[in-house]
Structure formats: C-alpha cells, structure tokens
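Visitor: I am new to this structure. Please show it to me, and let me ask how you know what you say.

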Amino acid sequence: MPMPVHEVPNRQIRAAHTDTTVTVYQAYGPHLGLPAALDGRFPAAWKRERMTWIKPSFLWMMYRCGWATKADQETVLAIEITREGFDRALREACLSHYESHVHPDQAAWKKSLRGAPARVQWDPERDLHLNPLPYRSLQLGLSGPASRAYADEWTLSIRDVTPLAREIHGLLRAGDDAAARSLLPVETPYSSGPLAHLGA
C-alpha cells in the first residue's frame with residue numbers, strides 16, 4: 001500500500017529498482033527512441049556531449065512528455081542502468097540552483113556547479129492525472145563524462161514503453177482510474193546513502 005501523502009519525505013528518490021539496477025525514463029522523437037529500443041543502446045546520433053536529464057518517476061515523465069504527445073517526445077523509453085553508475089552520479093552531483101541551507105554562499109555553489117558532472121532538480125511529483133503533489137521527485141542531469149558513461153557504460157537495457165503510456169492514458173480518458181493505476185510501474189523508496197549535498 002502506498003505511503004500516505006503526508007508521510008512521504010519532501011525530497012525522496014522513488015524508483016523501480018533491483019539490488020543492482022535502477023530504471024529511469026526519457027522521451028525522444030522516434031528517430032532516436034526507436035533505434036535505441038531496438039538495439040538496447042543509444043545510437044551514434046545520440047549526442048553524448050549534451051546535458052541529458054533522466055527521471056526515475058514514470059508519472060513525472062508522463063507530465064513532461066504529455067503522455068507521449070509532445071513534439072520530439074513521442075517515444076518513451078525505460079532505461080535500466082546500474083545502481084553503481086546512478087549512485088556515483090548522485091554523489092558527484094550539485095543542485096542546479098543555490099540553496100542557503102546547503103551551500104555556504106553563492107560563489108561556493110557556482111564553483112561546485114561548474115565542476116560537477118551531474119546536477120539535480122527536485123520538482124513536484126505528479127499524481128495519476130499529472131497534478132502536482134506536495135512532495136518532490138528527482139530529476140538528474142548528466143553532462144560530459146557522466147553523460148558518456150550513462151550512454152555507453154551504465155545502460156543495461158532500453159525498452160519502448162510508449163504503448164504502456166498510451167494504454168494508461170486511454171484508461172484515464174475513459175474514466176477507469178483503477179485500471180490505469182494498476183498498470184503503473186511499481187516505484188519504491190530508493191536507498192542511495194546520504195544526500196545532504198542535494199538538500200535531501
């Protein structure tokens with residue numbers, strides 16, 4: 001049974017995960033998403049030098065891509081990556097914005113941000129109808145060496161979950177919330193170690 005909303009920590013990573021893997025989501029246009037799912041790895045056309053954002057929350061991904069209807073986000077991918085890589089990115093990450101209770105001052109935050117291969121945003125989690133919830137969901141941005149490692153070392157499998165997104169969305173439009181909810185990926189609290197440097 002899900003934890004009551006008022007008991008969920010404001011900043012907590014929730015994900016589908018095993019002892020060795022964690023599943024994150026991204027959405028791309030079919031020209032990138034379909035080859036990635038077919039081959040189980042990102043194609044050469046996937047720009048490894050760009051910042052890429054991964055999301056452990058399926059519903060936050062649905063909010064971001066509009067249930068796979070937004071331009072260049074029509075293909076939703078579930079990417080299973082190593083926990084080792086995910087945890088390393090978290091350890092080396094910096095918050096994408098300054099917070100006085102986390103950073104000594106703005107200059108220290110800017111210095112950390114410049115040197116960090118990953119950055120974190122905590123955005124409102126979403127409910128089944130994509131309304132904001134009173135607690136946050138992790139978005140993890142990877143750049144440079146972290147982006148390359150994600151694409152070529154950490155990624156173990158890539159699945160096209162666009163049909164699942166469309167099925168859930170269809171059930172919601174038909175008013176069958178219970179059936180839609182039953183199809184959601186099971187996401188449970190993820191133990192990543194201390195995240196004080198990320199305000200959690």
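Visitor: How do you know that α2 lies across β6 and β7?
Guide: This is a predicted model, and the values are computed from it. Contact here means heavy atoms within 4.5 Å. α2 lies across β6 and β7, and runs at about 90° to β6.

Visitor: Which strands does helix α3 lie across?
Guide: Helix α3, residues 83-92, lies across β3, β5, β6 and β7. Its direction makes about 95° with β7.

Visitor: In what order do the strands β3, β5, β6 and β7 stand in their sheet?
Guide: The order is β3-β7-β6-β5. These 4 strands form an open sheet.

Visitor: Why do β3 and β5 stand at the edges?
Guide: Each has a single partner strand, so one side of each is left without a neighbour in the sheet. Neighbouring strands of this sheet are turned by 40° against each other on average, direction ignored.

Visitor: What makes the pairing mixed in this sheet?
Guide: Take the pairs in turn. Strand β5 (residues 93-95) and strand β6 (residues 118-126) are parallel, over 3 bridges. β6 and strand β7 (residues 132-142) are antiparallel, over 8 bridges. β3 and β7 also run antiparallel, joined by 3 bridges. Both senses occur, and the pairing is called mixed.

Visitor: How do you know that β5 and β6 count as a pair?
Guide: Two strands pair if there are at least two bridges between them. β5 and β6 have 3 bridges.

Visitor: Which residues stand opposite each other in these pairs?
Guide: Ala93 stands opposite Ala118 in β6. Trp122 has Leu138 in β7 as its bridge partner. Ile54 faces Leu140 in β7.

Visitor: What lies between β6 and β7?
Guide: The two strands form a hairpin, with 5 residues between them.

Visitor: Why is Asp127 called partly exposed?
Guide: Partly exposed covers the range between buried, under 20%, and exposed, over 50%. Asp127 has 23% relative accessibility, so Asp127 counts as partly exposed.

Visitor: Which residues is Asp127 in contact with, leaving aside its neighbours within four places in sequence?
Guide: Asp127 is in contact with Leu59 and Leu133. As for Lys70, 57 residues away along the chain, its C-alpha atom and that of Asp127 are separated by 19 Å.

Visitor: Is Leu130 buried or exposed?
Guide: The cut-off for buried is under 20% relative accessible area. Leu130 has 15%, so Leu130 counts as buried.

Visitor: What is the phi of Leu130?
Guide: Phi of Leu130 is near 70°, a positive value in a residue other than glycine. Most residues other than glycine have a negative phi.

Visitor: Where is Ala68 found?
Guide: Ala68 is in the loop between α2 and β4. Ala68 also has a positive phi, of about 65°, although it is not a glycine.

Visitor: Why is Ala68 called buried?
Guide: Buried means under 20% relative accessible area. The value for Ala68 is 5%, so Ala68 is buried.

Visitor: Which strands form the antiparallel sheet of 3 strands?
Guide: The order is β2-β4-β8, in an open sheet. β2 and β8 (155-160) are the edge strands, because each pairs on one side only.
Guide: 8 bridges join β2 to strand β4 (residues 75-82), and the two run antiparallel. Val24 stands opposite Ile79 in β4. α2 packs on this sheet, touching β2 and β4, and its direction makes about 10° with that of β2.

Visitor: Which residues lie nearest the centre of the second largest pocket?
Guide: They are Ala27, Tyr28, Arg50, Thr52 and Asp72, among 18 lining residues. The elements that give two or more residues to the lining are β2 (21-28), α1 (30-39), β3 (52-54) and α2 (58-65). The largest share, 3 residues, comes from β2. About 490 Å³ of space lies in this pocket.

Visitor: How does the lining of the second largest pocket divide, and what are the counts?
Guide: There are 8 nonpolar, 5 polar and 5 charged residues.

Terms used:
Residues numbered from 1 in each chain as written. Predicted model: local features only at pLDDT ≥ 70, side-chain atom pairs only at ≥ 80, totals over all residues. Heavy atoms only, no water. 1 Å grid on protein atoms, 1.4 Å probe; cavity = no way out; pocket = protein on both sides within 12 Å on 5 of 7 lines; lining within 4 Å. Points joined across faces, edges and corners; volume = space filled by probe spheres on them. Nonpolar A, V, L, I, M, F, W, Y, C, P; charged D, E, K, R; others polar. Axes fitted to C-alpha atoms, helices over the stretch in contact; angles between N-to-C directions. Buried < 20%, exposed > 50% of the residue type's maximum accessible area, 1.4 Å probe, protein only.
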